[in-house]
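Please keep the sequence and the structure in view while reading.

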Amino acid sequence: MATLRDIRRRIASVQNTRKITKAMEMVAAAKLRRAQGRIEALRPYAIDMVEMMMDLATYSEETLQYALLREHAEEGTVALVAMTGDRGLAGSFNANVIRRAIEEERTLREAGKEVRLLAVGKKGIGTLRFRHVELDERGRA
């Protein structure tokens with residue numbers, strides 16, 4: 001039977017852990033907001049870059065030489081890339097990425113497409129292997 005002192009010490013320990021976790025969540029949220037701001041600031045440049053690449057592909061004389069620039073009648077093989085985080089408070093993020101990847105793979109296979117699932121990040125690779133999902137070894141990072 002635990003003494004009153006042990007119980008109080010345990011309560012204090014749990015409260016300290018709660019404070020530390022809350023501080024980590026606040027830091028992670030601040031980093032996420034900063035990253036989102038930087039991405040939104042780059043959006044006009046990305047749009048211009050896509051337009052420039054489309055213009056180059058449209059007016060280039062060698063478009064048939066590159067498979068990525070040719071139009072295909074149908075999609076035969078689809079590569080699906082699941083990018084998960086490796087550190088921090090990313091458990092729910094990783095779970096959502098993996099769940100969505102598995103759903104997309106199932107949907108594409110039902111549509112008759114060949115799917116190559118690639119995983120980036122230790123957590124994603126480990127979880128998908130644990131679930132016996134077949135990963136394309138060539139693109140695994």
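In which handedness of crossing, left-handed or right-handed, does α2 pass α3? The crossing of α2 with α3 is right-handed; a crossing is called right-handed if the near helix is turned clockwise from the far one by less than a right angle, and left-handed if anticlockwise. The model is predicted, local features need pLDDT of at least 70, side-chain atom pairs count only at pLDDT 80 or more, and totals for chains, interfaces and linings use all residues. Residues are numbered from 1 along each chain as its sequence is written, and side-chain values use heavy atoms, with hydrogens and water left out.

**Helix pair**
- The axes of α2 and α3 are 10 Å apart and form an angle of about 50°; axes are lines fitted to C-alpha atoms, for helices over the stretch in contact, with angles from 0 to 180 degrees between N-to-C directions.
- α2 is therefore oblique to α3, where under 35 degrees is roughly parallel, over 145 roughly antiparallel, 65 to 115 roughly perpendicular and the rest oblique.
- From α2, N94, I98 and I102 meet K123, G124, T127 and L128 of α3, contact being heavy atoms within 4.5 Å.
- By type, these contact residues are three nonpolar, three polar and one charged; Ala, Val, Leu, Ile, Met, Phe, Trp, Tyr, Cys and Pro count as nonpolar, Asp, Glu, Lys and Arg as charged, and the others, Gly among them, as polar.

- Not counting residues up to four places away in sequence, I102 touches L128, R131 and V133.

**Segment after α3**
- D136 lies in this segment and is buried at 14% relative accessible area; buried means under 20%, exposed over 50% and partly exposed in between, with a 1.4 Å probe and protein chains only.
- Beyond its neighbours within four places in sequence, D136 contacts R116, L117 and L118.
- H132, also in the segment after α3, is exposed at 73% relative accessibility.
- The phi of H132 is near 60°, a positive value in a residue other than glycine.

**Helix α1**
- A57 belongs to α1 (residues 4-59) and is partly exposed at 23% relative accessible area.
- Between A57 and R100 there are 43 residues of sequence separation and 32 Å in space, C-alpha to C-alpha.

Conventions. Helices (H or I, at least four residues) and strands (E, at least two) are DSSP runs, numbered from the N terminus.
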